[in-house]
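Hi,

Here is the structure I promised to pass on. Have a look at it first, and my notes follow below.

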Amino acid sequence: ISFLPTDISNLALWLQNGVGVTAAKWDDSSGNDNHATQGTGANQAAVSGGGLDFTPGDSDHYDLTSAITIAQNQGFCVAIVMDTETSTNNFIFSKDANDHIQIKDGQTFLVKTNDPGVITTEIVAASGTFGNQKQLILVNRSAGASNRFSVFKDGSAVTIDSDNSSNEAAGENPNGFDINVLGSQAGTGNFFDGIMFEVLFFDKGLSSTEISDLNDYLTSKHGL
């Protein structure tokens, strides 16, 4: 029996490539019915490559049916297969100004959290790591007080430059946060620019075996 992401527990959201994708709605394949929807035509992305092609000038973004909440010291994992067209401020998930996950630039993955206090963590890799190409980026935060991040690109581990990481050195962040918007900062700015082919979010930190299985599944599926 082949592996599927639903074999891993705590799959909170799965926007699956080529499954239930329209300009108005991307069905959630996690079993939670947490669909990504946009009822305003001017703010809808175009269907492309089995996913959605976001254009920032059109304010493209989607609302999740239900907010996903990560508590303080709770782990999580986000995996996205994407092809960005610009290299700055590509918001993947958000709720408001102090809850968001984004590709800040070609070498920085940023997580901003606000429970109990605002922490901005910049996970800095080598220049061009998150550049404009089709790629799988997986970021995992372990549970517990240290909440260490690990990052993978196209299935391979990415070295984090702890000297350049802001606030929580070496990629730590124990804070909680909420997300309920896909592709922008609260639907008002910092819009994602490019194609999201597949998006998964787990409300727990994954084990090394789970990360390996998920990376293998997505790299094989998308030819990466």
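This is a predicted model: local features need pLDDT of at least 70, side-chain atom pairs count only at pLDDT 80 or more; totals for chains, interfaces and linings use all residues.

Before the notes, one term: a residue is called buried under 20% relative accessible area, exposed over 50%, and partly exposed in between, using a 1.4 Å probe and protein chains only. On that scale K95 is partly exposed, because its relative accessible area is 35%.

Residues are numbered from 1 along each chain as its sequence is written, and side-chain values use heavy atoms, with hydrogens and water left out.

Now the sheet. Helices (H or I, at least four residues) and strands (E, at least two) are DSSP runs, numbered from the N terminus. Two strands count as paired if DSSP finds at least two bridges between them. With that in hand, you can trace an open sheet of 8 strands with antiparallel pairing, in the order β2-β3-β6-β15-β8-β9-β10-β11. The edges are β2 (25–26) and β11; each has a single partner strand, so one side of each is left without a neighbour in the sheet. Further in, β8 and β15 run antiparallel and are joined by 2 bridges. If you want a spot to look at there, F93 stands opposite L182 in β15.

Next, the charged pairs. A salt bridge here is a side-chain nitrogen of Lys or Arg within 4 Å of a carboxyl oxygen of Asp or Glu.

- K95 and D178 form a salt bridge with their closest N and O atoms 4.0 Å apart. K95 lies in strand β8 (residues 90–96) and D178 in strand β15 (residues 177–182), so the pair ties together parts that are 83 residues apart in sequence. D178 counts as buried because its relative accessibility is 19%.
- K221 and E198 also form a salt bridge, and here the closest N and O atoms are 3.0 Å apart. K221 belongs to helix α1 (residues 208–222) and E198 to strand β16 (residues 194–202), so this pair ties together parts 23 residues apart in sequence. K221 is partly exposed at 33%, whereas E198 is buried at 0%.
- D27 meets K25 in a salt bridge of 3.6 Å, N to O. D27 is partly exposed at 25%, and K25 is partly exposed at 33%.

What does the side chain of T121 make a polar contact with? Its partner is the side chain of N173, at 3.1 Å. (A polar contact is a pair of N or O atoms within 3.5 Å; within protein, one must be able to donate a hydrogen and the other to accept it, and residues adjacent in sequence count only if both atoms are side-chain atoms.) T121 is part of strand β11 (residues 119–124), and it is buried, with 0% relative accessibility.

Finally, a few backbone details. D115 and P116 are joined by a cis peptide bond, with omega about 10°. P116 is in the loop between β10 (108–113) and β11. N10 is not a glycine, yet has a positive phi of about 65°; it is in the segment before β1 (11–15) and partly exposed at 38%. N73, also a residue other than glycine, has a positive phi near 70°. You will find N73 in the loop between β6 (62–70) and β7 (76–84), partly exposed at 32%.

Cheers
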